[in-house]
Amino acid sequence: MQVKLFLTDVDGCLTDTGMYYSANGEEMKRFCVYDGMGMVLLRQAGIPCGILTSEQSAIVKARAEKLKLDFLYLGVGSKDRQGSMTKLGAAQKICEKLGITLAEVCYVGDDVNDLDLLSAVGYPCCPPNARPEVKAIKGIKVLKTPGGQGAIREIADEILKSK
C-alpha cells in the first residue's frame with residue numbers, strides 16, 4: 001500500500017455519528033484519541049493528513065489544529081453548490097499541491113456525500129457503520145472498527161505496517 005496522503009470525513013468516521021447539544025444549544029462532538037494518534041503517527045511517518053467535511057464546525061477546526069493536520073477543508077460537499085468546492089475537488093487540489101495522484105490517496109468516508117471521492121481514490125475505506133451505498137463501492141475496504149471508536153487508527157496502523 002503506497003499511500004502518500006491520508007484524508008478522512010468527520011461525522012461517522014472520526015465520530016460515532018452522534019450530535020450532542022448542551023441545554024444552551026452548543027454543539028459538541030466526541031472524538032476517539034486512538035484516531036488522533038493514528039493521524040499523528042502517519043504524519044510522523046511523512047504521510048500528510050487532512051479532514052474534508054461538509055460541516056462548518058469550529059469544533060472540527062479545533063481538533064484539526066490540536067492534531068496539527070496538514071489540510072482542513074470545511075464546508076465541502078458532494079455537489080458543487082453555488083461555487084462551493086466538493087470533497088473530490090478539495091482532494092484534487094491537495095494532490096496538485098503535493099504532486100501526487102488520487103491513486104495514492106487513502107480516504108475514509110461513510111455517507112452518500114463521500115461517494116464521488118471514495119470512487120476516485122486508490123485506497124477507499126469506510127467504517128462498518130457506513131451507509132450501504134458506500135459499502136457497495138468496488139474495491140472499498142470495510143474496516144472492522146466503528147467510526148468514532150478507532151476506525152481511523154485501524155487503517156493508519158495498516159498503512160504504517162505496509163511502509
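**Legends to the views of the predicted model**

**View 1. Order of the elements along the protein chain.** From the N terminus on, the elements of the protein chain follow the order β-β-β-α-β-α-β-α-β-α-β-α-β-α. The radius of gyration is 15 Å, close to the 15 Å given by the globule rule for 163 residues, so the protein chain is as compact as a globular protein of that length. In this predicted model, the secondary structure amounts to six helices and eight strands. The C-alpha trace spans about 45 × 35 × 30 Å along its principal axes.

**View 2. Interior and surface of the protein chain.** Of the 163 residues, 47% count as buried. Among contacts with a separation of 6 or more, 50% come from residues 24 or more positions apart. The accessible surface comes to about 8000 Å², and 50% of this surface belongs to carbon and sulfur atoms. The protein chain carries 21 positive and 20 negative side chains, with the centres of the two sets 5 Å apart.

**View 3. The setting of Arg 30.** Arg 30 is located in the loop between strand E3 (27-28) and helix H1 (33-44). The relative accessible area of Arg 30 is 41%; because this value lies between the limits of 20% and 50%, the residue is partly exposed. Leaving aside residues up to four places away in sequence, Arg 30 touches Leu 14, Thr 15, Asp 16, Tyr 20 and Gly 148.

**View 4. Arg 30 and Gly 148.** These two residues are 118 residues apart in sequence, while their C-alpha atoms are 7.4 Å apart in space. The side chain of Arg 30 reaches the backbone oxygen of Gly 148 at 2.9 Å.

How values were computed. Residues are numbered from 1 along each chain as its sequence is written. This is a predicted model: local features need pLDDT of at least 70, side-chain atom pairs count only at pLDDT 80 or more; totals for chains, interfaces and linings use all residues. Side-chain values use heavy atoms; hydrogens and water are left out. Helices (H or I, at least four residues) and strands (E, at least two) are DSSP runs, numbered from the N terminus. Buried means under 20% relative accessible area, exposed over 50%, partly exposed in between (1.4 Å probe, protein chains only). Contact means heavy atoms within 4.5 Å. A polar contact is a pair of N or O atoms within 3.5 Å; within protein, one must be able to donate a hydrogen and the other to accept it, and residues adjacent in sequence count only if both atoms are side-chain atoms. The radius of gyration is taken over C-alpha atoms; the globule rule is 2.2 Å times the number of residues to the power 0.38. Accessible areas come from the Shrake-Rupley method with a 1.4 Å probe; for residues, only the protein chains shown count as cover. Lys and Arg count as positive and Asp and Glu as negative; His and the chain ends are not counted. The place of a charge is taken as NZ of Lys, CZ of Arg, CG of Asp or CD of Glu.
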